[in-house]
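Have the sequence and the 3D view open, and follow along as we go from the contact surface to a few single residues.

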There are 2 protein chains.
Amino acid sequence: MANQNKIRYAVVGLGYIAQAAVLPAFFHARGNSHLAALVSDDPAKLRDLGKRYRVSKTYSYEQYEECLRSGEVDAVYIALPNHMHREYTERAARAGIHVLCEKPMAVTEEDRTAMIAAARQNRIKLMIAYRLHFDEANLKAIDTVQSGKIGDARVFNSTFTMQVKQGNIRLQRDKGGGTLYDIGVYCINAARYLFQAEPLEVVAVRANGREPRFAEVEEGISAILKFPDERLASFTCSFGSADVAAYEVVGTKGSLRLDPAYEYATQLKHRLKIAGKEKIKVFRKRDQFAPELVYFSDCVLHDREPEPSGEEGLADVRIIQALYRSAETRTPVTIEVQPRRKRPSREQEISRPAVSMPKLVNASGPSPD
Amino acid sequence: MANQNKIRYAVVGLGYIAQAAVLPAFFHARGNSHLAALVSDDPAKLRDLGKRYRVSKTYSYEQYEECLRSGEVDAVYIALPNHMHREYTERAARAGIHVLCEKPMAVTEEDRTAMIAAARQNRIKLMIAYRLHFDEANLKAIDTVQSGKIGDARVFNSTFTMQVKQGNIRLQRDKGGGTLYDIGVYCINAARYLFQAEPLEVVAVRANGREPRFAEVEEGISAILKFPDERLASFTCSFGSADVAAYEVVGTKGSLRLDPAYEYATQLKHRLKIAGKEKIKVFRKRDQFAPELVYFSDCVLHDREPEPSGEEGLADVRIIQALYRSAETRTPVTIEVQPRRKRPSREQEISRPAVSMPKLVNASGPSPD
């Protein structure tokens, strides 16, 4: 790879997020990233998307090994259902192929530590796809909080809700569904990067849906995370409500609200309020996926450990599981998360123009039309 | 009283809220309400405020009985510290004087039931001063939610934070201090009037302050309230953060955000989001206290039970105490609150022009300047 200046990717799993966001991202990541192969169990997807993106190397899941050993791929972007993350990461690692894996990292602690171990043993880079770690609006929020402009950050509160339609993978327990795995993870991650700390104890209350679509996973969850120095983070997420994706950090001297904060298909907006005066800043819609590719390729090319590493993914999923345990056992759950040495910061900002929504092949978004 | 068309009030307790809001409110409530007497333990307040508002009848706390029996007062507005609400309500009731009492109603269950019993036995009207029950922005929020515009309301989330300076009564435990009694009560009340229901179970996590001012009461609390039909309400309130006073209701089809929602010294703002389209409506700053007087005087004059009755006050304080118990015992606390027959609605809207902040006499606001 020494004489290479582009990392060649296979995108594994061609569901909604791969088609809506990952595949179109390669164009604006072309400086160091190349879409080299597609892996899917759907021949129509392979045929149509292969044609659209001029990718001649296409593989079924059964041919994954062949893809990994083809010599034409340096990295995989894993956009598979959550419960398949471990296997496809381990197999890539064993073949010496780097892994950029969608979040949440994996559903069980065993799976997650296995993924980290596999990456370490095989000396491959493993990154979890935290798109907001490269996003100007969120990195600037961290900056604002760190600058002391709003004083000491004491409170984080967030609402992240959407409608998920019957049959969607997010509603299937055995495929790693659930509100916390899919959207709660953003709230948890944001609280952690805004407070620059790890929670000590968590509490959650689950709302079971009344509709058949919520037979396997909860409709919503409200959560409270207690951080060091008596800081409080709380959030509510739901698969049964209209779109809201906002957070607020309140400090001793002011507050910063991002609404929306987590979206990738719209502009993001800051409202900074200090001493009664509000300043609004709009961050235009951008491609949040190309930056992940650019950053990860750079890590591979220059042998740098990605900041959103396996450990970062591990931290969030530990918190998620502690929250589910709290909802189950009806008690606060104490957790111990190793504080991160590195956290997302403005240095990681990468800006790429927005892409428009491509025509989907045998796939649809999570929400009803 | 049959041949009277104005209710004559004694304002009891001349601290910040009485001076900043209650006394100035009488001017715009003059159609049916008259400021007849002042009761305070501070002769300077009695002298200066008596002169300013042309009130010749002034009484010390020791002379409260005299005031009640003077024949020149029909009702008291109790703006005393929370722990004094019961005694001053009971004494008024025994004298046949109607009571408009600041919220929270009282700190103990015993006090609250005693207040309700005293009012009933002595056939006087008792109203708890829920100013938002007459406020257009909040009543319109109820209307919007009830109309089905945002579908079924599934999630309520609120942030209510402010800075309270050392020594303020809100930080004194024996005077009924604490975030839930002072500001959390608004979040609880809003969740109840927006969902038009009573919570079944509550969970709270307390953040103890690190500063000396938080020696007696918590700095902040995050709370989760589970409502019937698996609806979730959550909120965080704090005495150690900058001003935020907002809530959001998320329904199956849209969301409604009020920011600010609870303030009385600023305009209030609606953001109604349906199908990705946002509609903003600003409600200009108004006097929220005159409407309470107008409404209560009307209830007395026409022998009607006030909607924000003792039972309404009781409901909130029961929930507050369940939340504190949950924080203490580290378990969810089940509660049983009698569903209200009557809830605030647009019919109760009363609009009066804003007043400007008068010069304070030996009093100051809760926050540092």
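Chain A and chain B bury about 3800 Å² between them, and 51% of that is on carbon and sulfur atoms. Buried area here is the accessible area (1.4 Å probe) that two parts lose on being put together, summed over both. Arg210(A), Ile224(A) and Arg330(A) supply 14% of the area that chain A buries against chain B, more than any other three residues.

Before going on, a word on where this comes from: the model is predicted, so local features need pLDDT of at least 70 and side-chain atom pairs count only at pLDDT 80 or more, while totals for chains, interfaces and linings use all residues. Residues are numbered from 1 along each chain as its sequence is written, chains are lettered from A and ligands numbered from 1 in the order in which they are written, and side-chain values use heavy atoms, with hydrogens and water left out.

**Where the chains meet**

How many residues of chain A are in contact with chain B? It's 47, and they touch 47 residues of chain B; contact means heavy atoms within 4.5 Å. You'll also find 21 residue pairs in polar contact between the two chains, both residues at pLDDT 80 or more. A polar contact is a pair of N or O atoms within 3.5 Å; within protein, one must be able to donate a hydrogen and the other to accept it, and residues adjacent in sequence count only if both atoms are side-chain atoms.

Several strands of chain A each supply at least two residues to the side that touches chain B, among them β7 (153-163), β8 (201-207) and β11 (240-251). β11(A) gives the most, with 8 residues. (Helices, H or I with at least four residues, and strands, E with at least two, are DSSP runs numbered from the N terminus.) Sorted by class, this side of chain A has 12 nonpolar, 18 polar and 17 charged residues. In that sorting, Ala, Val, Leu, Ile, Met, Phe, Trp, Tyr, Cys and Pro count as nonpolar, Asp, Glu, Lys and Arg as charged, and the others, Gly among them, as polar.

**Two copies, one axis**

**Salt bridges**

Over all chains the structure holds 66 salt bridges, and the rule finds 6 across the interface of chain A and chain B. A salt bridge is a side-chain nitrogen of Lys or Arg within 4 Å of a carboxyl oxygen of Asp or Glu. Here are four of them:

| Residue pair | N to O distance |
|---|---|
| Glu201(B) and Arg330(A) | 2.7 Å |
| Arg257(A) and Glu248(A) | 3.7 Å |
| Arg257(A) and Glu248(B) | 3.7 Å |
| Arg69(B) and Glu65(B) | 3.2 Å |

Arg257(A) is buried at 5% relative accessible area, and Glu248(B) is buried too, at 4%. By contrast, Arg69(B) is exposed at 51%, and Glu65(B) is partly exposed at 28%. Buried means under 20% relative accessible area, exposed over 50%, and partly exposed in between (1.4 Å probe, protein chains only). Elsewhere, Arg192(A), Glu198(A), Glu312(A), Asp316(A), Arg340(A) and Arg343(A) are linked in a network of salt bridges.

**A few single residues**

Thr179(B) sits in helix α7 (residues 179-195) of chain B. Is Thr179(B) buried or exposed? Buried, with a relative accessible area of 0%. Its side chain makes a polar contact of 2.6 Å with that of Glu218(B).

Now look at the backbone. A cis peptide bond joins Asp259(B) and Pro260(B), with omega about 0°, and Pro260(B) is in the loop between β12 (254-258) and β13 (268-274) of chain B. The bond from Lys103(B) to Pro104(B) is cis as well, with omega near -5°.

Finally, Arg54(A) has a positive phi of about 55° although it is not a glycine, and Arg54(A) is exposed at 77% relative accessible area.
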